[in-house]
Amino acid sequence: GHASDISGAVADFQASRAISASDDSTLRLWDLAEGCCLLVLSGHTERIIALAADLAEEVAWSLARDGMLKQWDLRSQSCVQSISMDGT
């Protein structure tokens with residue numbers, strides 16, 4: 001699991017999947033039926049403070065204390081867009 005506190009989670013119970021964000025700066029995709037982590041997404045340099053996801057479309061967004069909003073493609077397991085939210 002995560003190495004620090006969980007800061008957010010989104011679940012799709014029909015698909016038996018969930019995604020969680022953590023103070024350890026990572027996102028994790030979970031198989032709820034098996035109770036296991038399917039993948040870990042990293043790229044933030046500070047803790048994640050907000051999470052949104054559409055698991056049916058396999059996309060997630062995370063905002064971290066580093067001021068970066070990231071869009072994640074869960075199919076390719078990668079960050080597809082990063083936007084600075086700190087005004088610089």
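Begin by selecting strand β7, residues 68-73, together with β8: the two run antiparallel and are joined by six bridges. Strands here are DSSP runs of E with at least two residues, numbered from the N terminus, while helices are runs of H or I with at least four. Two strands count as paired if DSSP finds at least two bridges between them. This is a predicted model, in which local features need pLDDT of at least 70 and side-chain atom pairs count only at pLDDT 80 or more, whereas totals for chains, interfaces and linings use all residues. Residues are numbered from 1 along each chain as its sequence is written, and side-chain values use heavy atoms, with hydrogens and water left out.

Within this pair, display L69, which stands opposite I83 in β8. Next, display D73, which faces S78 of β8. The two strands form a hairpin with four residues between them; in the turn, select Q77, whose phi is positive at about 60 degrees.

Now widen the selection to the whole sheet. It is an open sheet of four strands in the order β5-β6-β7-β8, paired antiparallel. Strands β5 (48-54) and β8 (78-84) stand at the edges with a single partner strand each, so one side of each lacks a neighbour in the sheet. On average, neighbouring strands of this sheet are turned by 20 degrees against each other, direction ignored; the axes are lines fitted to C-alpha atoms, and angles run from 0 to 180 degrees between N-to-C directions.

Which residues does L27 touch? Among them are H2, I19, L39, L41, I48, L51, S62 and W72, not counting residues up to four places away in sequence; contact means heavy atoms within 4.5 Å.

Finally, show the entire protein chain. Its secondary structure comes to eight strands and zero helices. The C-alpha trace spans about 40 × 25 × 15 Å along its principal axes. Buried residues make up 35% of the 88 residues.

Definitions and conventions. Buried < 20%, exposed > 50% of the residue type's maximum accessible area, 1.4 Å probe, protein only.
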